[in-house]
Amino acid sequence: MREFDVVVIGAGPAGYVAALRCAQLGLETAVVDEWISPEGKYVLGGTCLNVGCIPSKALLDSSEQFYRLQHHIGTHGISVSDIRLDLSAMISRKNEIVRSLTGGIESLFSKNRIMWLKGHGRLRPEMRIEVTGKGPDAANETVEAKNIVIATGSVPRSLPGILIDGEKIVDSTGALNFSEVPKRLGVIGAGVIGLELGSVWNRLGSEAVLLEATERFLFFADHEIAKAAHEEFSKQGLDIRLGARVLSADTSGEGVKVTYEDNGGTHELEFDKLVMSVGRKPHTDDLNADEVGLLINESGFIHTEGRTCRTNLPGVYAVGDVVGGPMLAHKGSVEGVMVAERIAGQDSRVSYDVIPQVVYTMPEISWVGRTEEELQADGVPYKIGRFQLKYNGRAMAMEETAGMVKVIAHKETDELLGVHILGFMSSEIIAEAVVAMEYKGSAEDLARTVHSHPSLTEAIQEAALSVDDRALHG
Ligand code: FAD
Ligand code: AMP
């Protein structure tokens, strides 16, 4: 039986990064993964690369170009005519990006001498992992490990009684691959994924209705920013209905008839396609957790001790979506690095309080740290600085003036507690706030840092100045 220092189960951004770091640290490493591409080949990269972050961003960027050409380019004094959509070319471009990135991980694995065991991994007693795969290049063997890292990720959730048939009712994966633009698109759940996928098809021409059960839009984001975002999205034609609890979906007719209830009663809507995006659940199916005594909590996540990613079994760790916390690729990756370094004997940690979050809408919503509502609930004294992008020169030059920056600092110490941005490319400029908070910076630090002019980041500086009422251009 082959023996490894580390066997990682799952090659998404949590697992493959853990494996790369283990290999860098000189640990003999194998990765088990069962993902099969639409072409029938085993591929690395998990949800993120194959059906998540990357393909969704490819379509978001393509659809944004299409939308801008139709709605924004005229203000620059450019007129274009005969703008046509070649959806199959757009989808092929997306697939090509996925292929290139998943292939890149394969190269990284060979460069770092990581053994890729193709197939399904099951835990067996005495630190063994049984791998069963299909096809000529699959692994069918049991291996032994000194350490095991479980990175089995998550899968889409559905609502009881609503079957994802892959035709009229699809999950997020199906919504990345429509062969034509649905005329009437329904989306259940206006969370991050529902908003992103609803935006893609809305920009390409669908009439999109998003049905969201909660009364508050993006309840986990800063309320003021979420409210401003809701107004922007409504202007783009996204019909977001809050407090709308979907009860059933009937596919027996030509389209999908959806019944939902809100405070006004029960309503029916008919769509051509319906996207189910009511969140994701941890993936621990058929891992054989019970036999080996691996503890799984009541919500289905693998139990880990504190912020260590250690499970209840000695030498067994879990990282990424399969443990609690935000279901984000970069959160899984930093956990992967931490676990690899811990296995190698280092005292590595993750800055869980400084993990950026982004919704890739138009404009993007990005934040790091705590929301105003969370600080209020905890009775933390705070002060706020705001800056509207309509006063920022670069935003004006780009015709991207929608949105604002909100900086929250501790009332007495001035330490940064949260930075929230609604704005063009805020996924990029939020990085400045992340670095500042990682170093326990203050609003004064951001305010005194020199920013290039003209740039969107000046809006962060101005919001930081505004914390003490001294914004220069606001
Ligand atoms: P996964 O990426 O889910 O990978 C798990 C891997 O484990 C898979 O390859 C699976 O095949 C394998 N596996 C599971 N069980 C077994 C087993 N028993 N044996 C062998 N292999 C197994 N996050 C962001 O940060 N930014 C974004 O922009 C973003 N956009 C998203 C868009 C969409 C449409 C979706 C669906 C998700 C998005 N996410 C985004 C979330 C992100 O994809 C996940 O947080 C991330 O992929 C989790 O990584 P992971 O490594 O924990 O698990
Ligand atoms: P996310 O986890 O960010 O993908 O968001 C999933 C969203 O789906 C959340 O905002 C939930 O409130 C929403 N949701 C869950 N169940 C329902 C339902 N029955 N009808 C409408 N929205 C729902």
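User: What should I know before I start?

Analyst: The model is predicted, so local features need pLDDT of at least 70 and side-chain atom pairs count only at pLDDT 80 or more, while totals for chains, interfaces and linings use all residues. Residues are numbered from 1 along each chain as its sequence is written, chains are lettered from A and ligands numbered from 1 in the order written, and side-chain values use heavy atoms, without hydrogens and water.

User: Which residues come nearest to ligand 1?

Analyst: A residue is near a molecule if one of its heavy atoms lies within 4 Å of it. Around ligand 1 there are 38 residues, and Asp33, Thr47, Lys57, Gly121 and Ala329 come nearest. The shell holds 16 nonpolar, 17 polar and five charged residues. Here Asp, Glu, Lys and Arg are charged; Ala, Val, Leu, Ile, Met, Phe, Trp, Tyr, Cys and Pro are nonpolar; the others, Gly among them, are polar.

User: Which backbone atoms lie by the oxygen atoms of ligand 1?

Analyst: Look for polar contacts, pairs of N or O atoms within 3.5 Å. A backbone N or O atom of Asp321 is 2.9 Å from a ligand 1 oxygen. For a polar backbone atom of Cys48 the distance to a ligand oxygen is 3.3 Å. Leu328 also has a polar backbone atom 3.3 Å from an oxygen of ligand 1.

User: How many residues of domain 2 are in contact with domain 3?

Analyst: Contact means heavy atoms within 4.5 Å. Domain 2 gives 13 residues, which meet 14 of domain 3. Domain bounds come from an automatic or database assignment: domain 2 is 169-278 and domain 3 is 363-466.

Conventions. A polar contact is a pair of N or O atoms within 3.5 Å; within protein, one must be able to donate a hydrogen and the other to accept it, and residues adjacent in sequence count only if both atoms are side-chain atoms.
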